[in-house]
Amino acid sequence: MRWITPQAGDPTYSLLKAHLLFEELLNAYLARSLSHVSALQGARLTFTQTLAVARASSRHIEPDHWVWKAIADLNRIRNSLSHEAQPKDLQKKIANYVDFVVANTKRPLPEPALRVGPGDMPNANQGHHFTAADMVTIGLYYTTASLMGFSVKEIEKAGGVANAG
């Protein structure tokens with residue numbers, strides 16, 4: 001049960017969900033940006049391929065902008081979580097990802113609300129609990145969406161941007 005039961009401090013759920021939201025963001029961006037996006041239907045592009053197409057075709061974000069690397073780093077973490085029962089160097093990968101995003105946003109990271117060890121469960125009455133990885137991923141998402149030309153209202157209305165037009 002310890003392998004499949006969510007535990008406080010385990011980033012698996014939030015990082016997998018964030019990856020999904022980034023995939024929807026990239027797809028929405030391509031739908032807005034490409035003249036003939038329907039030509040990609042059925043292409044079964046991987047996340048890495050979709051990211052490369054978005055990066056190559058972007059008129060809004062330079063191909064060497066730091067957000068592309070951060071999204072690729074998130075994808076590598078997601079792949080570790082999805083394909084390994086005990087991902088090697090997971091905490092180091094997450095720490096490097098957090099440090100990279102913080103360094104490039106040039107905004108200090110507030111103290112995470114969640115400071116418990118694996119296996120510890122916070123009091124349910126304490127509300128939401130965010131780790132450092134959660135906070136930088138939220139910031140990365142809004143930064144990227146904004147750079148892509150999506151408004152905060154579009155993002156929040158759509159619950160992501162998959163349906164934003």
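These legends walk through a predicted model, from the whole chain to a few close-ups.

Ground rules: this is a predicted model, with residues numbered from 1 along each chain as its sequence is written, and side-chain values use heavy atoms, leaving out hydrogens and water. Local features need pLDDT of at least 70 and side-chain atom pairs count only at pLDDT 80 or more, while totals for chains, interfaces and linings use all residues.

View 1. Along the sequence the pattern reads α-α-α-α-α-α. Helices (H or I, at least four residues) and strands (E, at least two) are DSSP runs, numbered from the N terminus. Of the 165 residues, 33% count as buried, where buried is under 20% relative accessible area, exposed is over 50% and partly exposed is in between (1.4 Å probe, protein chains only). Take the contacts (heavy atoms within 4.5 Å) between residues at least 6 apart in sequence: 66% of them join residues at least 24 apart.

**View 2. Helix α1 packs its buried residues against α2 (47-57), α3, α4 and α5.** With 22 residues, α1 reaches 31 Å from its first C-alpha to its last, close to the 32 Å expected at 1.5 Å a residue; the expected span is 1.5 Å times one less than the number of residues. Its buried residues include Leu15, Ala18, His19, Phe22, Leu25 and Leu26. In general, an α-helix has 3.6 residues a turn, so residues three or four places apart point the same way.

View 3. Rings of Phe, Tyr and Trp (its six-membered ring) pair if their centres lie within 6.5 Å; planes under 30 degrees apart are stacked, over 60 edge-to-face and the rest tilted. That rule gives three aromatic pairs. Phe22 belongs to helix α1 (residues 12-33) and Tyr141 to helix α5 (residues 132-147), so the pair ties together parts 119 residues apart in sequence. Both Phe22 and Tyr141 are buried. Ring pairs also bring in Tyr142, making a cluster of Phe22, Tyr141 and Tyr142.

**View 4. Trp66 and Phe100 make another edge-to-face pair.** Their centres are 6.4 Å apart, with 70° between the planes. Trp66 is in helix α3 (residues 66-83) and Phe100 in helix α4 (residues 90-105), 34 residues apart. Trp66 is buried, at 15% relative accessible area.

**View 5. Lys69 puts its charged end over the ring of Phe100.** The distance to the ring centre is 4.4 Å. A charge counts as over a ring if NZ of Lys or CZ of Arg is within 6 Å of the ring centre and within 35 degrees of the ring normal.
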